[in-house]
Amino acid sequence: MHRGSSKGGRGGPPPPGSLPLSASPGSLPVVLEVTRGGSVERHRLRVVPGTMVRAALLRVGQAPEGCAVLIDDVPVPLDTVLDRPTRLTVVPTFSGG
């Protein structure tokens, strides 16, 4: 015999700040500033915390292996994890043609 019921005896809603496992994580604002010569092309994205720089580059149409990426004027690897609002300076290192 089954003991208990899935309908009765439930507590109230979870306390604020306690999200169910199925809740989607927040997103972070990321600005990519792609520099070419004297011009700057800005792309604004929202990414899930834990997204790598490589994935952000792909979302704006940049080839990750063909770019140097800087955060606060310091070069960073493509597998750097984005975990806070960030401005990336992207310098393409090759051009087609």
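Which residues does His43 touch, not counting residues up to four places away in sequence? In this predicted model, His43 touches Val30, Val31, Leu32, Val34 and Val60 when such neighbours are left out.

## The setting of His43

His43 lies in strand 2. Its relative accessible area is 18%. Because buried means under 20% relative accessible area, His43 is classed as buried.

One of the residues that His43 touches is Val30. In sequence, 13 residues separate His43 and Val30, and their C-alpha atoms are 8.2 Å apart in space. The side chain of His43 also makes a polar contact, at 2.8 Å, with the side chain of Glu41.

Five strands form an open sheet of mixed pairing, in the order 2-1-7-4-5. Strand 2 and strand 5 (74-75) each have a single partner strand and stand at the edges, so one side of each has no neighbour in the sheet.

Strand 1 and strand 2 are antiparallel and are paired over 9 bridges. Within this pairing, Val30 has Leu45 of strand 2 as its bridge partner. The two strands form a hairpin with 2 residues between them, and in this hairpin Gly37 takes a positive phi near 60°.

Strand 7 pairs in two directions. With strand 1 it runs parallel, and 5 bridges join the two; here Val30 stands opposite Thr86. Opposite Leu88 of strand 7 stands Ile71.

## The nonpolar core

In soluble globular proteins, nonpolar side chains tend to be buried together. The largest nonpolar core in this model consists of 17 residues. Leu32, Val53, Leu57, Leu82, Leu88 and Val90 have the most contacts inside this core. Two or more core residues come from each of strand 1 (28-36), strand 2 (39-47), helix 1 (53-59), strand 4 (67-71) and strand 7 (86-92). Strand 1 gives the largest share, 4 residues.

Which residues is Leu88 in contact with, leaving aside its neighbours within four places in sequence? They are Val30, Val31, Leu32, Glu33, Val53, Val69, Leu70, Ile71 and Leu82. Among them, Leu32, Val53 and Leu82 are also listed with Leu88 as residues with the most contacts inside the core.

Conventions. Residues numbered from 1 in each chain as written. Predicted model: local features only at pLDDT ≥ 70, side-chain atom pairs only at ≥ 80, totals over all residues. Heavy atoms only, no water. Core = buried A, V, L, I, M, F, W, Y, C linked by side-chain atoms within 4.5 Å. Buried < 20%, exposed > 50% of the residue type's maximum accessible area, 1.4 Å probe, protein only. Contact = heavy atoms within 4.5 Å. Pairing = 2+ DSSP bridges. Polar contact = N/O pair within 3.5 Å; in protein donor to acceptor, adjacent residues only side chain to side chain.
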